[in-house]
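Reader: I am new to this structure. Please take one part and walk me through it closely.

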Amino acid sequence: IAPDTGLNKDWAQKPPKVLWRLALGDGGYAGPSVAKGLVYVIDHEGKQDIVRALKLDTGEEVWRFAYDDTDRNNYGFSRSTPVCSDGKLYTISRMGWVHCLKADTGEKVWAKNLLADFRGKKPQWDYSMSAAIDGDRLVLMPGGDGGSLLVLNKATGEKLFSGGNSDVPGYSTPTVATIDGRKQYLLFTAANAIGCDATDGKLLWSYPWKTSYDVNAAQLMVIGSYVFLTSGYKHGCALLKVGPEGATAVWSNTEIQAQFNSPVVYKGYLY
């Protein structure tokens, strides 16, 4: 929504001036993040992911950090959009590498692997979530019998607790929310939407949502005491009422089928 007048609506005939352009070799899905004048994006060369920091105004590269991940092209490489918090940058790779880097220099602070360190289980198209920040915590979704939920100290990478269930992960970023006065971490796994207690990871509620190819990718949206979820492949969407007894569907239909993109809630409407 823009109140401005005189906008250029014909980009085909009158394209906007390009300030700078950066070619990427990764063919993936990771979006860029911006903080304090720098743009962060994950690229890929050979078997290495390359985290790149660029000047926002010129596109000039400030630093890069590379690490081994995989040389197997699976619909491109990078999936996870970097997250910046308190001067640190957090990235997640397809193979489950979680890195904490200094945002201004790219120096590695710590690294963990969701598979090797926490008994995680990758989904079919590999890890795609971004990390969710909750104060001094990093909220992740490794999946498998180590727990669908994992909470780390974001400064040190130390495990604080795990929980949830043993589902394989979906592809969406965890949601931090307070529902009816109870703080929760919401996860969209391969087979369920779940809510976990933010103090100990205990499973509070679960609602079955099995989609073709287990592609649950749009982020769960919280609207008061309700949770909206949606998937593609003709599955559709539903609004859940979450309470002490669990989650029940208020309504469901196929009007919204968001396979990848997370919806937007604005003034009582879903887009």
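Author: Asp49 stands opposite Tyr67 in strand 4. Strands here are DSSP runs of E with at least two residues, numbered from the N terminus. This is a predicted model, where local features need pLDDT of at least 70, side-chain atom pairs count only at pLDDT 80 or more, and totals for chains, interfaces and linings use all residues. Residues are numbered from 1 along each chain as its sequence is written, and side-chain values use heavy atoms, with hydrogens and water left out.

Strands count as paired if DSSP finds at least two bridges between them.

Next, the charged side chains. Arg52 and Asp43 meet in a salt bridge at 2.8 Å, N to O. A salt bridge is a side-chain nitrogen of Lys or Arg within 4 Å of a carboxyl oxygen of Asp or Glu. Both Arg52 and Asp43 are buried. Buried means under 20% relative accessible area, exposed over 50%, and partly exposed in between (1.4 Å probe, protein chains only).

Arg64 forms a salt bridge with Glu61, with the closest N and O atoms 2.7 Å apart. Arg64 is partly exposed at 41%, and Glu61 is partly exposed at 29%.

Note on methods
Helix = DSSP H or I, 4+ residues; strand = E, 2+ residues; numbered from the N terminus.
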